[in-house]
Amino acid sequence: MACTSTRPSLGLSLGDPEEPEAPEAATPRERALAEENARLRKVCSALIERVESSGAAGGAPYAAFEHAVLLAEQVRERTETLHRTLDELGQVNLQLRDEIAVRVEAEQRLRESKREAEAANLSKTKFLAAVSHDLMQPLNAARLFTSALGEQAVPEASQRLVGNIGRSLQDVEALLGTLVDISRLDAGVLKPDVAAFRAADLLDVMAEEYRQIAASRGLTLHYVGTSAVIESDLALLARVVRNFLTNAIRYTRQGHLLLGCRRRPEGLEILVGDTGAGIAESQREAIFVEFQRAESGHDAQDRGLGLGLAIVDRIASMLDHPLRLASQPGRGSLFSVRVPYGRLSAAPARSPTAASSSQSDVLSGMRVWVIDNDPGICEGMAALLEGWGCRVRTATSLAALEADLDTQADSETADVLLVDYHLDASNPDGLAVAAHLRRRQPGLPVVMITANHDAAIKSLARQLGYGCLLKPLKPLRLRMQLVGLLDGGSA
């Protein structure tokens, strides 16, 4: 560092006022120069003293000057650094622009892929809906023929074969219904049709149906009924309870099952219990995930996909119905769903009592019109209903039915109309057909039968006072619907 002292260096002496005068032998010119030099030294000393005395307090002027030079150098260096930083930031900015452009392009591709995936998912849903309807038609006919055959007097060996056919058809129905349901739930096209109804309207039928299924497996079903009115989507809630009962039978090898209700302050809790293998604590969340099943307890020949409880979980979330599971491994399990209470707008007729299949004369003489564009279903419905003693008239279209009626000498009336919602392109839908026939016969009870689970169709049928049954048609459900009509209930 440069010297900051204000004292002159030895090599640049500015003179000393006390320096001895020139020797006497000097010439006059030399003495004059010496005197002038002394005077100049005094002046220089005075100037230096004045400069030093006028500098910053506590500092030296040369030090201040040198400090200013250092500051200027630092400013220059920092300016250069700033320029370099700006250049680097410019390069980083260009890189960021390139990255943003790449990300924007990637997001555009992602949005396009998402749109394609949504379109494919919608197409898949529509395909499954169409396929399910087409498959439900022959499946429905097969179930009707099997049920009709099962009520005939056939040899015991043949009766066992009929039972095996019926169980196989039930397996096909369950698998197909499960796949369609999970697809519709994933696509968000399954909308609830919430309405108030008596819990017995659902549970009485379930109890009768699964009592027979449980008996075929050597199990007993204890049912505790209720008179409570609840508010939910009847078809979706039926899917939940049906899955509970199916799993209870599937995982119970001996003992009994329970279907009952408990009145809670928040709503009616519908419970299904069993004395099966139970569920370990570590598996109680996994069983509600797709394709996950309990590790033990089920039949090795069972064809389940592990989707039943996944569907239950999604339906319960959609309906905002809390689920509960209690289980002890080796002793059994208890599943429940809590449904809010409802209020009926008008007091309906009492819920029909479950009729045993042995009461063959209950429907004897009942006049039933059946309209379905599938001849196989018409034939199967005729076989089933005639086995119950009904007088059946079937047709594949409204025109065919009216042409058949016009050939009769007297004007025949019906006790109930069973009409398919989806008819062929040359016919109006089932609702329009029912409206036309009700103009011909005012007050004609109507039961709509459809493979379409659309909430709008069920809601419209209910508003019109029609019953609504889903394909594949369950004979016991149909029988109870007809018995209820005979007892004076509405469709």
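Here is a short chat about the predicted model shown above.

Visitor: How many helices and strands does the protein have?
Guide: Let's start with the overall picture: of the 491 residues, 37% count as buried. Among contacts between residues at least 6 apart in sequence, 75% join residues at least 24 apart. As for the elements themselves, the protein has 11 helices and 12 strands.

Visitor: Which element gives the largest share of the largest nonpolar core?
Guide: That core has 40 residues, and Leu-203, Ile-230, Leu-237, Val-241, Phe-244, Leu-259 and Ile-270 have the most contacts inside it. Elements giving two or more residues to this core include helix 4 (199-216), strand 4 (256-264), strand 5 (267-274) and helix 5 (234-250). The largest share, 9 residues, comes from helix 5.

Visitor: How many residues are in the second, separate core?
Guide: Ala-148, Met-381, Val-447 and Leu-485 are included in that second core. The core is separate, and its count is 23 residues.

Visitor: What do the buried residues of helix 10 pack against?
Guide: Helix 10 covers residues 455-463, and its buried residues are Ala-455, Ile-457, Lys-458, Ser-459 and Ala-461. Just after this helix, Gly-465 takes a positive phi of about 85°. The packing partners of those buried residues are helix 5 and strand 12 (467-470).

Visitor: Is Ser-232 buried or exposed?
Guide: Ser-232 sits in strand 3 (residues 229-232). Leaving aside neighbours within four places in sequence, its contacts include Asp-193, Phe-197, Leu-319 and Val-339. The cut-off for buried is under 20% relative accessible area. Ser-232 has 1% relative accessibility, so it counts as buried.

Visitor: Which residues do salt bridges that share partners join into one network?
Guide: Start with Glu-73, which forms a salt bridge with Arg-76, the closest N and O atoms being 2.1 Å apart. Arg-76 also pairs with Glu-80, here with 2.7 Å between the closest N and O atoms. Glu-80 and Arg-76 are 4 residues apart in helix 2, so about one helical turn separates them. Shared partners make one network of Glu-73, Arg-76 and Glu-80.

Visitor: How many residues apart are Arg-324 and Glu-269?
Guide: Their side chains meet in a salt bridge, 2.9 Å from N to O. Arg-324 is in strand 6 (residues 323-328) and Glu-269 in strand 5, so the pair links distant parts of the chain, with a separation of 55 residues.

Visitor: Which residues make the nonpolar surface patch of about 320 Å²?
Guide: One member, Leu-96, has its place in helix 2 (residues 61-150). A patch residue needs over 30% relative accessible area. Leu-96 has 43%, so it is partly exposed. The patch is made by Val-92, Leu-96, Ile-100 and Val-104.

Technical notes
Residues are numbered from 1 along each chain as its sequence is written. This is a predicted model: local features need pLDDT of at least 70, side-chain atom pairs count only at pLDDT 80 or more; totals for chains, interfaces and linings use all residues. Side-chain values use heavy atoms; hydrogens and water are left out. Patches are made of residues with over 30% relative accessible area and no salt bridge: like charges are joined within 9 Å, nonpolar side chains (Val, Leu, Ile, Met, Phe, Trp, Tyr) within 5 Å. Accessible areas come from the Shrake-Rupley method with a 1.4 Å probe; for residues, only the protein chains shown count as cover. A salt bridge is a side-chain nitrogen of Lys or Arg within 4 Å of a carboxyl oxygen of Asp or Glu. Buried means under 20% relative accessible area, exposed over 50%, partly exposed in between (1.4 Å probe, protein chains only). A nonpolar core is a set of buried Ala, Val, Leu, Ile, Met, Phe, Trp, Tyr and Cys residues joined through side-chain atoms within 4.5 Å. Contact means heavy atoms within 4.5 Å.
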